[in-house]
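Dear colleague,

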Amino acid sequence: MKSTTTTALVAAGALLVGGIATAAFMKSGNSADPVTAAQPRPTLDTTPLANDGAASDAVPVDAPRGLEYADVVKVDPLTKKEKAYATVIGTEPVRETSTTQTPHEVCQDVVVQERLPERDGNVGGTVAGAVIGGLLGNQVGGGNGKKAATAAGAVAGGVIGNQVDKRHVGGRVVNRTERQCHTETATSESTKVTGYNVTYRNEDGTTGTMRMASKPGTRIAMGTTDAVTGYNVTYRYDGVEKTVKMDNKPASDRLPVVDGQLVTQTAAVSN
């Protein structure tokens, strides 16, 4: 009895499935035989199952490449004009000495001796000689002869006295004060600072000396200089050349590349 019931259920199910399929075919308007019509080919689902533990052997394109290097092709410094200064390390004043000569008059009172003027030879000696000669002539003869002798003696005495007076070189010597002046030249020297010899040190460590008109402070201007602000670095990686700006000059002729990314922060080297 049980077996008969099961068989009936299976048959009913088959009829139900067959009816649904026939209805679907008829609805689509296809006149082909539902049994012999070509059925669509199933699509292969290649998606692995959730519990499929198999791993693919293919490597992704963006997989990490590790540490590599790019070759440095060219390094061009980038510069700009800046004021240059040097540090003052010593100053020495430069002095100049000049000599000046100034003429001036010098006066002083001097005591001098002076001989008084001699007699002129016409008064004193002549008179004295005439008197003496007259007296002597008066002693000679008498009467008119005596008078003549007196006159002759006076004349002769006057002539003799005059000659004696002319030959007299005496005269009294006296002292007197007179102001005497003469010109003298005064010499004077003066010293003044005309500049400074300045010793300085440049930023690169070199030193030098220059003459300046005035004393400087702690540093002096040295014009302008080309200050390096960075570097344009041309490099080759994977056969392609590119240029990147770097703050420091590359330390070697290669730049590190990590996972395809260029590392620009490298150690700086002196110019």
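In this predicted model, strand β1 and strand β2 (residues 173-201) pair in the antiparallel sense over 28 bridges, where strands are DSSP runs of E with at least two residues, helices are runs of H or I with at least four residues, both are numbered from the N terminus, and two strands pair if DSSP finds at least two bridges between them. Within this pairing, Thr91 has Val198 in β2 as its bridge partner.

Residues are numbered from 1 along each chain as its sequence is written, and side-chain values use heavy atoms, with hydrogens and water left out. Since the model is predicted, local features need pLDDT of at least 70 and side-chain atom pairs count only at pLDDT 80 or more, while totals for chains, interfaces and linings use all residues.

For the chain as a whole, there are 3 helices and 7 strands, which follow the pattern α-β-α-α-β-β-β-β-β-β when read along the sequence. Of the 271 residues, 15% are buried, a word that stands for under 20% relative accessible area, with exposed meaning over 50% and partly exposed in between (1.4 Å probe, protein chains only). The chain exposes about 20,800 Å², of which carbon and sulfur atoms supply 54%; accessible areas come from the Shrake-Rupley method with a 1.4 Å probe, and for residues only the protein chains shown count as cover. Among contacts (heavy atoms within 4.5 Å) between residues at least 6 apart in sequence, 71% join residues at least 24 apart.

Which residues make up the largest nonpolar core? There are 9 of them, namely Ala70, Val72, Tyr231, Val233, Tyr235, Tyr237, Met246, Leu255 and Val257, where a nonpolar core is a set of buried Ala, Val, Leu, Ile, Met, Phe, Trp, Tyr and Cys residues joined through side-chain atoms within 4.5 Å. The elements that give two or more residues to this core are β1 (67-115), β4 (219-237) and β6 (254-258), and β4 gives the most, with 4 residues. A second, separate core has 6 residues, including Ala86, Val88, Tyr196 and Val198.

Strand β4 also holds Thr234, which counts as buried because its relative accessible area is 11%. Its side chain makes a polar contact with the side chain of Thr243 (3.0 Å); such a contact is a pair of N or O atoms within 3.5 Å, and within protein one must be able to donate a hydrogen and the other to accept it, while residues adjacent in sequence count only if both atoms are side-chain atoms. Leaving aside neighbours within four places in sequence, Thr234 is in contact with several residues, among them Asp71, Val72 and Glu241.

Two loop residues also deserve a look. Most residues other than glycine have a negative phi. Asp238, in the loop between β4 and β5 (240-246), has a positive phi near 55°, and this residue counts as exposed because its relative accessibility is 51%. Asp259, in the loop between β6 and β7 (261-262), has a positive phi of about 50°, and it counts as partly exposed because its relative accessibility is 42%.

With best wishes
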